[in-house]
Amino acid sequence: MAQTATTPQPGDSGPVTPRRPVVQRSLRGFTGAGYDKGRPLLVQAAWFAVLHLVFVKWWCPARWRPALLRAFGARVGQRVLIRHGVRVHWPWKLDIGDDVWIGEGAWILNLEPVTIGSDCCVSQSALLCTGSHRPRSATFEFDNGPIRLEPGSWVAARAVVLRGVTVGRGGVVGAGAVAHRDLAPGAVLTTKGRTA
């Protein structure tokens, strides 16, 4: 049963602000509805083996990484540089243009498609996260959405781009900032939440 604050308590001062009902979470009922992994379990397992045993390793030559992604269904352009420690959840849901740089430790959590336009930079330890959950869902069902980085945009070190967001052409998500809505072309989002 949902709980709301309706009466003041002893010692309270000022008006009482009603609270939203508290969701009584029941994760046991989670169904995962609306999320299609896009490939059979055997392909998923093969990718995870390649990802963890080869792709992320420092000794894996950078020139191999685009080829490995393509082998698992990614569309990857020319002259793409992917440093060690980069994680890609599902290659078949990834589209990368030409002349893209992806820095060490970046994580592309692409439960839904991620498109990275040409001349984009995704810096060290940045997170592109297409997955989320419905906050008012008792069973915490998915609320996923694609991410699009338009050509020339930059997601700086430790920045986060959340599901459903498009970063406009030449836009910048500054170091440590969180983009939770679309960023206009040429805009710069800072950790203070301001755009310039």
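The model is predicted, so local features need pLDDT of at least 70 and side-chain atom pairs count only at pLDDT 80 or more, while totals for chains, interfaces and linings use all residues. Residues are numbered from 1 along each chain as its sequence is written, and side-chain values use heavy atoms, with hydrogens and water left out. Helices (H or I, at least four residues) and strands (E, at least two) are DSSP runs, numbered from the N terminus.

**The sheet**

- Six strands form an open sheet with parallel pairing, in the order β2-β5-β8-β11-β14-β16; two strands pair if DSSP finds at least two bridges between them.
- The edges are held by β2 (81-82) and β16 (188-189); each has a single partner strand, so one side of each is left without a neighbour in the sheet.
- Within the sheet, β8 (residues 121-122) and β11 (residues 154-155) pair in the parallel sense over two bridges.
- In this pairing, V122 of the sheet stands opposite V155 in β11.

- N144 sits in the loop between β9 (127-129) and β10 (147-149).
- N144 counts as buried because its relative accessibility is 18%; buried means under 20% relative accessible area, exposed over 50%, and partly exposed in between (1.4 Å probe, protein chains only).
- Apart from neighbours within four places in sequence, N144 is in contact with Y35, L111, E112, T130, G131, S132 and R163, where contact means heavy atoms within 4.5 Å.
- For S132, the backbone nitrogen lies 3.0 Å from a polar atom of the N144 side chain.

**Salt bridges**

- Side chains of opposite charge can pair when their charged atoms come close.
- A search of the whole structure finds four salt bridges; a salt bridge is a side-chain nitrogen of Lys or Arg within 4 Å of a carboxyl oxygen of Asp or Glu.
- One of them joins R79 and D99, with the closest N and O atoms 2.6 Å apart.
- This pair links distant parts of the chain, 20 residues apart: R79 is in the loop between β1 (75-76) and β2, and D99 is in the loop between β4 (94-96) and β5 (101-102).
- R79 counts as exposed at 56% relative accessibility, whereas D99 counts as partly exposed at 28%.
- Another salt bridge brings together the side chains of D143 and R163 (2.8 Å, N to O).

**R148 in strand β10**

- R148 is found in strand β10 and is partly exposed, with a relative accessible area of 37%.
- R148 forms a salt bridge with E150, and the closest N and O atoms are 2.9 Å apart.
- The side chains of R148 and E150 are also joined by a polar contact of 2.9 Å; a polar contact is a pair of N or O atoms within 3.5 Å, where within protein one must be able to donate a hydrogen and the other to accept it, and residues adjacent in sequence count only if both atoms are side-chain atoms.
- Setting aside neighbours within four places in sequence, R148 is in contact with T115, V165, T166 and V167.
- From C-alpha to C-alpha, R148 and V165 are 6.5 Å apart in space, although they are 17 residues apart in sequence.

**Positive phi angles**

- F140 is not a glycine, yet its phi is positive, at about 60 degrees.
- F140 is placed in the loop between β9 and β10 and is partly exposed, with a relative accessible area of 29%.
- R158, also a residue other than glycine, has a positive phi near 60 degrees.
- R158 lies in the loop between β11 and β12 (160-162) and is exposed, with a relative accessible area of 62%.
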